[in-house]
Amino acid sequence: MSLKDQFDAAVAASKSLPERPDNMTLLKLYALFKQGSAGDVEGSRPGFTDMVGRAKWDAWNELKGTSQDEAQQSYIDLIESLK
């Protein structure tokens, strides 16, 4: 099974976790997913009025420079630990 296939399976598994992860874990999942699927963050940081968007952008930006393969593997590992 290729890394991409494992990543896609982990994305599907993330929708059926036994319990909802805490907000920090959700942000980490979001950032790893975005880095693994789209690469480095693009665009400008959302303004103060968009607190959720700003937190997501910051989490994703922290992974800047991480390879897509690394991010995908980290996402897979995190999902496995949450099952």
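In which helix does Gly 36 lie? Gly 36 lies in helix 2. Helices here are DSSP runs of H or I with at least four residues, strands are E runs of at least two, and both are numbered from the N terminus.

This is a predicted model, where local features need pLDDT of at least 70, side-chain atom pairs count only at pLDDT 80 or more, and totals for chains, interfaces and linings use all residues. Residues are numbered from 1 along each chain as its sequence is written, and side-chain values use heavy atoms, with hydrogens and water left out.

**Overall form**

The protein has four helices and zero strands. Read from the N terminus, its elements run α-α-α-α. The radius of gyration of the protein is 13 Å, close to the 12 Å that the globule rule gives for 83 residues, so the protein is as compact as a globular protein of that length. That radius is taken over C-alpha atoms, and the globule rule is 2.2 Å times the number of residues to the power 0.38. The C-alpha trace spans about 40 × 30 × 15 Å along its principal axes.

Of the 83 residues in the protein, 33% are buried. Buried means under 20% relative accessible area, exposed means over 50%, and partly exposed lies in between (1.4 Å probe, protein chains only). The accessible surface comes to about 5,400 Å². Carbon and sulfur atoms hold 52% of that surface. Such areas come from the Shrake-Rupley method with a 1.4 Å probe, and for residues only the protein chains shown count as cover.

Contacts are counted when heavy atoms lie within 4.5 Å. Among contacts between residues at least 6 apart in sequence, 73% join residues at least 24 apart.

The protein carries 10 positive and 13 negative charges, and their mean positions are 6 Å apart. Lys and Arg count as positive, Asp and Glu as negative; His and the chain ends are not counted. The place of a charge is NZ of Lys, CZ of Arg, CG of Asp or CD of Glu.

**Aromatic rings**

Rings of Phe, Tyr and Trp (its six-membered ring) pair if their centres lie within 6.5 Å; planes under 30 degrees apart count as stacked, over 60 as edge-to-face and the rest as tilted. By this rule the count comes to three aromatic pairs. Two of them are set out here.

| Pair | Centre distance | Plane angle | Type |
|---|---|---|---|
| Phe 7 and Tyr 75 | 5.2 Å | 65 degrees | edge-to-face |
| Phe 33 and Tyr 75 | 6.3 Å | 55 degrees | tilted |

Phe 7 lies in helix 1 (residues 3-14) and Tyr 75 in helix 4 (residues 68-82), so their pair ties together parts that are 68 residues apart in sequence. Phe 33, in helix 2, and Tyr 75, in helix 4, are 42 residues apart, and their pair also links distant parts of the chain. Phe 7, Phe 33 and Tyr 75 form one aromatic cluster. Both Phe 7 and Tyr 75 are buried. The relative accessibility of Tyr 75 is 4%. Phe 33, at 32%, counts as partly exposed.

Helix 2 covers residues 23-38 and includes Gln 35. Is Gln 35 buried or exposed? Gln 35 is buried, with a relative accessible area of 1%.

Gly 36 and Met 1 are 35 residues apart along the chain, and their C-alpha atoms are separated by 17 Å.

Helix 3 (residues 51-61) has Gly 53, Arg 54, Trp 57, Ala 59 and Trp 60 buried. These buried residues pack against helix 2.

**Gln 6 in helix 1**

Gln 6 is found in helix 1. At 29% relative accessibility, Gln 6 counts as partly exposed. Beyond four places in sequence, Gln 6 touches Met 1, Gln 73 and Ile 76. Gln 6 and Ile 76 are 70 residues apart in sequence, yet 7.1 Å apart in space, C-alpha to C-alpha.
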